[in-house]
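Thanks for coming. I have one structure to show today, so please look at the screen first.

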Amino acid sequence: MTSTTSRKAYGVKGAPYAFLLPATILFALFFALPIGYAVWLSFRKVHVSGLGLGSGARKEVWAGLENYTDALGDSELLDGALRVLGYGCIVVPVMLGLALLFALMLDSEKVRLAPFTRLAIFLPYAIPGVVAALLWGFLYLPDVSPFYYLLDKSGLPQPDLLDGGPLYLALSNIAVWGGTGFNMIVIYTSLRAIPAEVYEAAKLDGATPLQVALRIKIPMVAPSLVLTFFFSIIATLQVFNEPTTLHPLTNSVNTSWSPLMKVYQDAFHRNDIYSAAAEATLIALVTLVLSFGFLRAANRRNKRDVSQGAVR
């Protein structure tokens with residue numbers, strides 16, 4: 001009797017682990033294992049003996065931190081990081097600002113056709129990034145773009161959006177167009193979760209819709225803003241589809257325009273998977289440090305606000 005009871009108790013305690021096992025296996029095979037293999041490759045290199053001909057002339061040996069020092073001193077990688085920094089300074093504030101504005105407008109009592117408007121704003125996010133970049137790329141080309149045709153017929157100047165400074169605006173426009181809808185849905189969902197009694201109390205106190213938005217809605221959806229900012233930072237650091245797709249259309253986008261493009265170029269065109277692994281590991285570490293630092297700062301601020309509210 002005791003053994004049967006103990007087996008049942010053990011089965012109940014082990015049930016959660018049984019449910020987690022499939023997900024754990026998939027996580028290990030398709031996430032943890034590839035990351036570990038990339039880190040292992042980043043500490044290796046190929047040693048060539050003589051002319052590199054014959055069996056045994058090319059051997060994989062331990063490289064230590066050589067690949068990392070080479071990556072940190074690579075001007076192409078550093079230039080790509082600076083370009084991505086400028087790109088992110090445009091994309092993140094504009095995208096989140098528009099997402100917050102659209103969410104507040106859709107949460108208004110006077111809005112009409114809200115379901116259709118939500119779908120229309122979200123729809124660009126459902127389009128694959130490569131397809132979106134191709135569509136916008138052809139709209140940017142003076143020879144095929146209908147906008148350039150209309151500008152020409154109107155006698156207006158025709159700026160080249162794929163060259164120089166306007167290139168950042170062109171790339172940022174693609175990201176903003178595709179990502180605003182997703183962030184808007186996240187913020188809008190948080191707005192709909194706010195109890196109606198809060199709005200009723202504000203109206204009784206004589207608050208205008210603008211005051212309600214600034215003093216009630218935005219502060220209460222701050223966790224969603226933090227989440228969307230966190231996702232946007234990660235997506236910015238990993239930008240790849242847009243510049244890669246526009247690369248054949250303009251000489252202003254080289255093959256190492258962004259850090260991930262540099263990794264792809266080294267791995268699959270220069271056949272140097274070891275340097276590419278080191279560069280990818282550095283990008284992952286930078287993303288991890290920035291994400292962890294931002295989340296820690298946000299949590300610290302939330303705790304401070306909670307403590308100040310308790311004191312009051």
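Predicted model: local features only at pLDDT ≥ 70, side-chain atom pairs only at ≥ 80, totals over all residues.

Start with the surface. The chain exposes about 19800 Å², and carbon and sulfur atoms supply 68% of that area. As for what is covered, 32% of the 312 residues in the chain are buried.

Now the charges. There are 24 positive and 20 negative side chains. The centres of those two sets are 13 Å apart.

Next, the overall form. The chain holds 13 helices and two strands. Its C-alpha atoms fill a box of roughly 95 × 85 × 35 Å along the principal axes. What is the radius of gyration of the chain? The value is 26 Å, whereas a compact globule of 312 residues would be near 20 Å. On contacts, take those with a separation of 6 or more: 64% of them join residues 24 or more positions apart.

On to the interior. As background, nonpolar side chains tend to be buried together in soluble globular proteins. In this model the largest nonpolar core has 20 residues, and Y87 and W257 have the most contacts inside it. Which elements give two or more residues to this core? They are α3, residues 75–106, then α5, residues 129–140, and α7. Helix α7 provides the largest share, six residues. There is also a second, separate core of 17 residues, and L106, Y188, A202 and V221 are among its members.

Let me stay with Y87 for a moment. Setting aside neighbours within four places in sequence, Y87 is in contact with Y168, L171, S172, A175, T236, V239, E242 and W257. So much for Y87.

Back to helix α7, which covers residues 166–192 and contains S190. What does S190 touch, not counting residues up to four places away in sequence? The answer is V221 and S224. For a sense of distance, S190 and L85 are 105 residues apart in sequence, and their C-alpha atoms are 29 Å apart in space.

The last item is helix α12, residues 259–268. Is this helix mostly covered or mostly open? Mostly covered: seven of its 10 residues are buried. The buried ones are P259, M261, K262, V263, Q265, D266 and A267.

That is the end of my part.

Technical notes. Residues numbered from 1 in each chain as written. Heavy atoms only, no water. Helix = DSSP H or I, 4+ residues; strand = E, 2+ residues; numbered from the N terminus. Rg over C-alpha atoms; globule rule 2.2 N^0.38 Å. Buried < 20%, exposed > 50% of the residue type's maximum accessible area, 1.4 Å probe, protein only. Contact = heavy atoms within 4.5 Å. Areas by Shrake-Rupley, 256 points an atom, 1.4 Å probe, with all protein chains shown as cover. Lys, Arg positive; Asp, Glu negative; His and termini not counted. Charge placed at Lys NZ, Arg CZ, Asp CG, Glu CD. Core = buried A, V, L, I, M, F, W, Y, C linked by side-chain atoms within 4.5 Å.
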